[in-house]
Amino acid sequence: MHLSLTLTTAMAAFACFGEVASVPLEETLRSLTPKARNVLKRATPVAPYFVLYSDAYISTEPTVSEISGFNVFALSFLLEYGAADQAQEWEELTAAQRSSILSEYDAAGISLIVSLFGSTETPTSSGYDPIDTANTMAAWVIEYGLQGVDIDYEDFAAFDAGTGAAEQWLGNFTTQLRTQLPQGQYILTHAPVAPWFSPDIWGGGGYLWVNSVVGDMIDWYNVQFYNQGTTEYTTCDGLLYTSSTTWPETALFQIADSGVPLDKLVIGKPATAAQATNGYIDPSLLASCVSSAYADGWDGGVMVWEYPDAGSAWIATVRGDTWPMPSTTPTPTSTGTTTATPTPTGTGNCAGVAAWAADVVYTGGSEATYGGYLWTASWWTEGDTPGGTADVWVNDGACTSTSSNTLTSTSTTPTSTSTTPTSTSTTPTSTSTTPTSTSTTPTSTSTTTTTTSTTTTTSTGTGTCAGVAAWTTDVAYTGGSEVTYGFRGCLG
């Protein structure tokens, strides 16, 4: 089937979801062709976004284990004249090689996109036609099978001129891209420097104007909180709550106060001090900032420049206890065997949320309970276990209870072996990168541990099972449906 027909079929399924007399959601999704179902599964993920750029030359894309913990990988850059650096490397692979990599990333829940322009191009000042440029770049994305674009526009001269030409160019370019790369089928993000969100500095309104005009077309912003001064955005307070007078009102929550949706703001930082002129902060400190922002209602995610200096170890540190890295968790069986689950990091209330089931289709934002935790799906999924390797489910924390009653069972914990990938990285050089200074990449060594123990598991769910039917394999469930399974969490 031709891709356009596949997309049409998939979007037609979405169109009928809101009809009063429509076919049930589960039945509608199951009627789609495999390609159409895959389009829905790989539609734009929901926050949090963990974005990794790759510009320094490597002969092929990293393996899934090397970038585990990220859900977006951005090849850099596609320029006005054509592909360069890692975008060119992607272009030079065979179709079979590209297909294999895309399949592996897809199975791991990683979207592969391309970043446009970068620091070496000045689209507005150079007179690029926004419509023609958008058409050419969108055609490249489609030809080479990528899942979206990131607009890394760095025409500082055009912004500084204050005429509004930069903002207008971005508006026209974004609008035309969306005609070629429809929303929900392709990712479209921007990567502005944080000061461009400052009110009353930019003659054309800066990125606040861009957001007001085409913000609905933009999935999220990979905000560059670096390269703006030696003391800018280098503390949690300066990064999150109160920016300096040099760039007023440009800390994370201040940008949100200016009207940009908080869940569209992704914190961008360099992997090492060598990857930026300034603005670097240690990953452990960044993890603390992320935790504070999350506690205050933000869940946008984190962007980093660039691979291989940032990989699975870097993002594991930054996600920390806020978004712990998933572990491989086998499906529970009727023998009473329990499995290791991630450490709880929140106080999710599971009341009224149905237990996860392998044959239920979940869309982005759907909730389910599993293993005593509340989970939220990042995108379309079916059969991907919460906490599993697909990384599709976000752990919202342990289920809490307002009751003093608990249900206790004794089970045997099987031997569990987990390995944290170790990566060796070097500082890359490139003709299309963010300016750099000096540093070395922190390294870490992780060991594999095997443990066997007998534990007593205490359920903390709040569901009351009276009148709720037991889960069965031949019933289709939609989001919000309730079932009982395994006698976990039933109180009363």
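Contact is taken here to mean heavy atoms within 4.5 Å, and helices (H or I, at least four residues) and strands (E, at least two) are DSSP runs numbered from the N terminus. The model is predicted, so that local features need pLDDT of at least 70 and side-chain atom pairs count only at pLDDT 80 or more, whereas totals for chains, interfaces and linings use all residues. Residues are numbered from 1 along each chain as its sequence is written, and side-chain values use heavy atoms, with hydrogens and water left out.

At the start of α6, a side-chain oxygen of Asp129 lies within 3.0 Å of the backbone nitrogen of Ile131, while Gly145, which follows the helix, has a positive phi near 70°.

Pro130, Thr133, Ala134, Met137, Ala138, Trp140 and Val141 of α6 are buried, that is, under 20% relative accessible area with a 1.4 Å probe and protein chains only, exposed being over 50% and partly exposed in between. Thr136 and Glu143, on the other side of α6, are exposed. The elements covering the buried residues of α6 include β2 (72-79), β3 (82-83), α4 (85-92), β4 (111-117), β5 (148-152) and α8 (165-180). Beyond its neighbours within four places in sequence, Trp140 is in contact with Leu78, Ala83, Ala87, Trp90, Glu91, Val114 and Leu146.

Note on methods: A polar contact is a pair of N or O atoms within 3.5 Å; within protein, one must be able to donate a hydrogen and the other to accept it, and residues adjacent in sequence count only if both atoms are side-chain atoms.
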